[in-house]
Each structure stands twice: as structure tokens, then as C-alpha cells.
Amino acid sequence: MERRPRIDGHTLLAGVIGWPVAHSRSPLMHNFWLEQRGINGAYVPLPVAPGSFDVAVRGLQAAGFRGVNVTIPHKESAYRIVEEHGRLDRSAQRSGSVNTLVFAPDGRIEGYSTDGDGFVANVQAHGIPVTGGRALLLGAGGAARAIAASLLDRGVDVVVANRTRARADALAASLAGITVIDWAQAGDVLPSCRFLVNTTSIGMDGGADAVFPLDLARADAGLVVCDIVYVPRQTALLRQAASHGLRTVDGLGMLIHQAGLGFEKWFGATPDIGPGVEAVLDADLHRAHAG
């Protein structure tokens with residue numbers, strides 16, 4: 001591995017804006033890739049309080065940053081600032097959200113949503129083609145919309161079930177092509193599905209405070225079970241799926257793949273999305289969980 005040059009007047013800068021932002025694993029990933037590729041760059045956490053987003057973005061742009069990731073609670077603000085002063089990529093338009101800002105040389109701000117394509121790239125990295133068939137999505141938040149949009153664009157029939165039906169209906173109204181069912185009906189749809197995707201927080205941090213409304217014993221043998229939760233990597237849903245002999249895809253790969261899309265735009269290089277960065281993240285997650 002080449003040694004990364006010291007920070008100087010030629011250092012390429014990017015970061016992640018959030019409030020709070022100390023928990024973000026993005027600096028760990030991007031700085032690993034920068035060092036691995038020998039790029040003179042740095043990626044930093046940027047704690048920005050609600051109400052200060054626009055000022056912060058303009059300041060970072062003026063200071064020469066290449067761009068930033070955007071996390072809670074600023075995603076709506078990111079979409080608005082790009083809509084008003086820049087260019088929304090199709091990924092952002094389709095998902096209705098922005099998680100990646102690029103400060104273009106012409107002064108415009110470009111907005112992207114990398115969650116959906118990151119999800120698809122992660123599934124395909126497991127040797128599973130994402131074309132056609134039916135997917136059952138559990139949840140109706142921002143991640144669900146981004147993933148649904150990417151699946152629809154690849155010819156997948158998308159069915160959404162959410163604990164609050166009204167939220168699922170709102171998602172379907174904003175993204176044509178989605179079928180909505182009641183939470184309790186998810187098990188009835190499962191046998192016809194090729195993908196099951198959990199976009200809810202059920203299972204996060206090992207919690208078991210809620211139950212999925214389905215029995216994986218009813219699933220087709222070819223079902224692929226995906227969970228975007230990555231703490232723990234092997235959630236209760238994935239363990240149950242494995243016990244039935246079903247293929248599983250955990251959420252850490254989605255985190256890595258969606259980050260790689262931003263890295264390419266800011267630093268002009270393709271990161272190594274492989275066992276190296278995965279091991280770094282795994283070790284960090286184990287330390288955090290043990291603490």
C-alpha cells in the first residue's frame with residue numbers, strides 16, 4: 001500500500017454532514033481508500049446543526065471541498081438546495097432524496113442518491129442478478145424509496161408493506177409502479193417473491209422488540225433475503241433465512257458500495273470494494289459493540 005501524502009495545499013477534501021455525525025463510519029471508509037490508493041485527500045466528519053445547513057454547504061464549496069455526504073437530519077435540505085441551485089441526478093429525482101453532493105467546477109451543486117444503486121451493486125456482488133421477478137420491501141422510509149426506484153428501473157415488480165399503511169401509500173403515490181399491501185399480508189405475498197428486503201430498523205443492534213409478519217418456511221427456495229441493517233451483520237431475519245437454506249445478503253456491503261459511488265465522483269478514482277475495507281469496518285463495529 002502506498003503511503004498517503006501529507007495534507008497540504010493540494011489535498012482534495014470531502015466529508016459527511018450530519019447532526020450528530022460522530023457515529024458515521026464514512027470517514028473510516030474513505031480515508032482507508034485514500035491511503036490505499038495513495039491519493040492526497042482527506043474525508044472529515046462535519047457536525048452541522050439544524051438551521052445551518054445552507055451556510056455550511058456554501059462555505060465548504062467556497063473553501064474548495066470536492067463535495068460531501070449528507071445524513072440525518074439534512075437530507076431534505078440537501079434535496080432543496082440542489083433543486084434551487086444545482087442539478088439533481090436522475091437517482092435523486094427517482095428516490096426523492098439526496099445523500100451525496102458534488103461541487104462541480106462550474107459552481108453548480110450536483111445532487112445524487114447512492115442508496116438504491118449501492119443496494120443493487122451489493123446484491124450483484126454476491127453473484128445475484130437484479131433483473132425481473134418480484135421484490136417484497138418491508139418499510140416505507142427514505143431507504144425503501146431509493147431501493148424501490150433502483151429495483152423498478154431494473155424491471156423488478158415491487159410490493160411494499162409497512163407497519164403504518166398510510167406511509168406505504170404515500171410512497172406508492174410518489175413513485176409509480178409500486179403495489180402496497182397491509183403489513184399483515186406480507187406472508188401471503190412471500191411465496192411469489194424472488195427478493196425480500198428489510199428496510200426497517202427491526203433487528204438493529206440485535207433488538208427483538210418487533211416481529212416480521214411472515215414465515216420464511218413458505219418462501220420459494222430461490223428467495224434472496226436482504227437486510228440493510230448492518231449492526232449486527234447477521235440479523236435475526238438473516239439467521240432465520242439461513243436456517244431455511246435461503247441465500248442472504250447483509251447490509252454492510254450496501255454501506256460500502258454506496259460510499260464507493262461518492263468516492264469516485266470526488267477523488268476521480270475507483271475504490272477497492274473488497275475484503276480490505278470490509279475487514280476495517282467489521283473490526284470497528286466489533287469494537288463499538290463490545291464497548
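**View 1. Helix 5 and helix 6 are oblique to each other, because their axes cross at roughly 60°.** In this predicted model, local features need pLDDT of at least 70 and side-chain atom pairs count only at pLDDT 80 or more, while totals for chains, interfaces and linings use all residues. Residues are numbered from 1 along each chain as its sequence is written, and side-chain values use heavy atoms, with hydrogens and water left out. Helices (DSSP runs of H or I, at least four residues) and strands (runs of E, at least two) are numbered from the N terminus. The axes of helix 5 and helix 6 come within 7 Å, where axes are lines fitted to C-alpha atoms, for helices over the stretch in contact, and angles run from 0 to 180 degrees between N-to-C directions. Angles under 35 degrees count as roughly parallel, over 145 as roughly antiparallel, 65 to 115 as roughly perpendicular and the rest as oblique. The crossing of helix 5 with helix 6 is right-handed, a term for a near helix turned clockwise from the far one by less than a right angle, with anticlockwise giving left-handed. Asp115, Gly116, Asp117, Phe119 and Val120 of helix 5 make the contact with Ala146, Ile147, Ser150 and Leu151 of helix 6, contact meaning heavy atoms within 4.5 Å. By class, this contact of helix 5 with helix 6 has five nonpolar, two polar and two charged residues; Ala, Val, Leu, Ile, Met, Phe, Trp, Tyr, Cys and Pro count as nonpolar, Asp, Glu, Lys and Arg as charged, and the others, Gly among them, as polar.

**View 2. Helix 5 has buried residues that pack against several elements.** Asp115, Gly116, Gly118, Phe119, Val120, Asn122 and Val123 of helix 5 are buried, where buried means under 20% relative accessible area, exposed over 50% and partly exposed in between (1.4 Å probe, protein chains only). The partners of these buried residues are helix 3 (75-85), helix 6, strand 10, strand 11, strand 12 (247-249) and helix 10. Alanine 121, also found in helix 5, counts as partly exposed because its relative accessibility is 26%. Between alanine 121 and histidine 257, which are 136 residues apart in sequence, the C-alpha to C-alpha distance is 6.5 Å. Glycine 127, which follows helix 5, has a positive phi near 80°.

**View 3. The largest nonpolar core has 29 residues.** A nonpolar core is a set of buried Ala, Val, Leu, Ile, Met, Phe, Trp, Tyr and Cys residues joined through side-chain atoms within 4.5 Å. Phe119, Leu137, Leu151 and Ile178 are the residues with the most contacts inside this core. At least two residues of the core come from each of several elements, including strand 7 (134-138), helix 7 (165-174) and strand 9 (178-182), and helix 6 supplies the largest share, six residues. Not counting residues up to four places away in sequence, leucine 137 touches Ala144, Ile147, Ala148, Leu151, Val158, Val159, Val160, Ala161 and Val197.

**View 4. Helix 1 (residues 26-37) packs with helix 10 (residues 252-267) at an angle of about 55°.** The axes of helix 1 and helix 10 are 10 Å apart, and the two helices are therefore oblique to each other, with a right-handed crossing. Met29, His30, Trp33 and Leu34 in helix 1 meet Leu255, Ile256, Ala259, Gly260, Phe263, Trp266 and Phe267 in helix 10. The residues of this contact of helix 1 with helix 10 divide into nine nonpolar, two polar and no charged.

**View 5. Leucine 190 lies in the loop between helix 8 (186-189) and strand 10.** Leucine 190 counts as buried because its relative accessibility is 0%. When residues up to four places away in sequence are not counted, leucine 190 touches Leu136, Leu196, Leu214, Asp215, Leu216, Ala219 and Leu223. The C-alpha atoms of leucine 190 and alanine 217, which are 27 residues apart along the chain, are separated by 9.9 Å.

View 6. Most residues other than glycine have a negative phi, and most peptide bonds are trans.
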